[in-house]
Amino acid sequence: MLKKWSIALCMGGLLLFTTTSWADELVSFKLGYQLLFPSGTVAGTIEGVGQKVNLEDDLNLDDSEEITAEIALQWGNSRLSVNYLPIRFTGAGTLTVAGEFNGQVFNVDDEVRSGIRIDLYDVGYTYYLINFDDLPTRIQFGAEVAVKITDTELTFEDRTAGFVERESITVPIPTLGLRARIALADYLGLTGRIGYMAYDEHHFLDAEAQVEFSPLPNVGIYAGYRYFDLKIDDEDIFVESEFSGPFAGILVRF
């Protein structure tokens, strides 16, 4: 965990260091808490063959509760951001299906423990096609391109059959989308974004909406809701899941 935070902070530091030449820069930093609820199916496969297991009915996964961080730089009509979100689901359940996970046979009514670990690195660039930042109500709307790097690991332990299997994969998924922000006043703003891409057998949909409240010029709080639709279909691993839930945190601008 410490290593992951170090990587995120180093990326943020590099972003600050390399952009100090912009005269009108606005840097923001967010540190928050993300709650996510899982649904969908996973499988450990060999040459694409393996039994899909339901995250809720079979694995009984708990919700993910993790800290997230974002640093963003805005100059003129452009916005560059780096976001890190760890996602952790663990649980224990009784299988309702029989099949294979990485070639290991499991049966109906086997007792299993399992986990999903996803480290999501999100690097995005937005160009605002509409950028009215000198009106009483400020409006920004633009196109966003991003790369979602998903470092995913599945753990499947069948206590009845007596085996533990793990599979992992790192997949960079580019997305295209939109971002909009409406500031009703200097201290209150609404932000929404959505990005999507499908290629090969993978797809990724990421959407969120949030409200920002800044009682002080440079310090505030934010809260919102985020939704993911993720599919990774590889020879060794299969994930087709939806994660969604609320988030909240603090923000600093300078």
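Student: Which strands each supply at least two residues of the lining of the second largest cavity?

Tutor: Strands E7 and E8 each do that. Keep in mind that we are looking at a predicted model. The space in this cavity is about 40 Å³.

Student: What makes a residue part of that lining, and which residues line the second largest cavity?

Tutor: A lining residue has an atom within 4 Å of a grid point of the cavity. The residues that line this one are Val42, Leu59, Phe101, Ser114, Gly115, Ile116, Leu154, Thr155 and Phe156.

Student: How do the classes divide in the lining of the second largest cavity?

Tutor: There are six nonpolar, three polar and no charged residues. Gly counts as polar here, so Gly115 belongs with the polar residues.

Student: Why is a space called a cavity rather than a pocket?

Tutor: A cavity is a set of points where a 1.4 Å probe fits but cannot get out, whereas a pocket is an open set. Rolling a probe the size of a water molecule over the atoms shows where empty space is left. Searching the whole structure turns up three cavities of 30 Å³ or more. The largest cavity holds about 180 Å³ of space.

Student: What lines the largest cavity, and which strands each supply at least two of its lining residues?

Tutor: It has 14 lining residues, with Glu70, Asn83, Glu208, Gln210 and Arg226 closest to its centre. The strands are E1, E3, E10, E11 (202-213) and E12. E3 gives the largest share, three residues. By class, the lining of the largest cavity splits into three nonpolar, five polar and six charged residues.

Student: And the largest pocket: how much space lies in it, and which residues lie nearest its centre?

Tutor: About 690 Å³ of space lies in the largest pocket. Of its 30 lining residues, Leu26, Gln74, Gln140, Arg181 and Arg253 lie nearest the centre. Several strands each supply at least two lining residues, among them E1 (26-44), E8 (138-158) and E13 (237-253). Strand E9 gives the most, with five residues. By class, this lining has 12 nonpolar, eight polar and 10 charged residues.

Student: Let's turn to the rings. How many aromatic pairs does the structure hold?

Tutor: The structure holds eight. One of them is Phe89 with Phe243, at 4.9 Å centre to centre and 40° between the planes. The two sit in distant parts of the chain, 154 residues apart, with Phe89 in strand E4 (residues 78-94) and Phe243 in strand E13.

Student: How do you know whether Phe89 and Phe243 are buried or exposed?

Tutor: Buried means under 20% relative accessible area. Phe89 has 1%, so it counts as buried. Phe243 also has 1%, so it is buried too.

Student: What makes Tyr222 and Phe247 an aromatic pair?

Tutor: Ring centres have to lie within 6.5 Å, and these are 6.1 Å apart, with 50° between the planes. That angle makes the pair tilted. Tyr222 is in strand E12 (residues 219-233) and Phe247 in strand E13, 25 residues apart. Tyr222 is buried at 7% relative accessible area, and Phe247 is buried at 10%.

Student: Why is Lys30 said to lie over the face of Tyr222?

Tutor: For a Lys, NZ must be within 6 Å of the ring centre and within 35 degrees of the ring normal. Lys30 is at 4.9 Å from the ring centre of Tyr222, so the distance is inside the cut-off. Lys30 is listed as lying over the face.

Student: Which residues form one aromatic cluster?

Tutor: Phe101, Phe106, Phe156 and Phe163 do.

Student: One last topic, the backbone. What is the phi of Asn60 and of Asp109?

Tutor: Asn60 has a positive phi of about 50° although it is not a glycine. For Asp109, also a residue other than glycine, phi is near 75°. Asn60 is in the loop between strands E2 (53-54) and E3, and Asp109 is in the loop between strands E6 (104-106) and E7.

Student: Why is Asn60 called partly exposed, and what class does Asp109 fall in?

Tutor: Exposed means over 50%, buried under 20%, and partly exposed is in between. Asn60 has 46% relative accessibility, so it counts as partly exposed. Asp109 has 54%, so it is exposed.

Definitions and conventions:
Residues numbered from 1 in each chain as written. Predicted model: local features only at pLDDT ≥ 70, side-chain atom pairs only at ≥ 80, totals over all residues. Heavy atoms only, no water. 1 Å grid on protein atoms, 1.4 Å probe; cavity = no way out; pocket = protein on both sides within 12 Å on 5 of 7 lines; lining within 4 Å. Points joined across faces, edges and corners; volume = space filled by probe spheres on them. Helix = DSSP H or I, 4+ residues; strand = E, 2+ residues; numbered from the N terminus. Phe/Tyr/Trp six-rings, centres within 6.5 Å; stacked < 30°, edge-to-face > 60°. Buried < 20%, exposed > 50% of the residue type's maximum accessible area, 1.4 Å probe, protein only.
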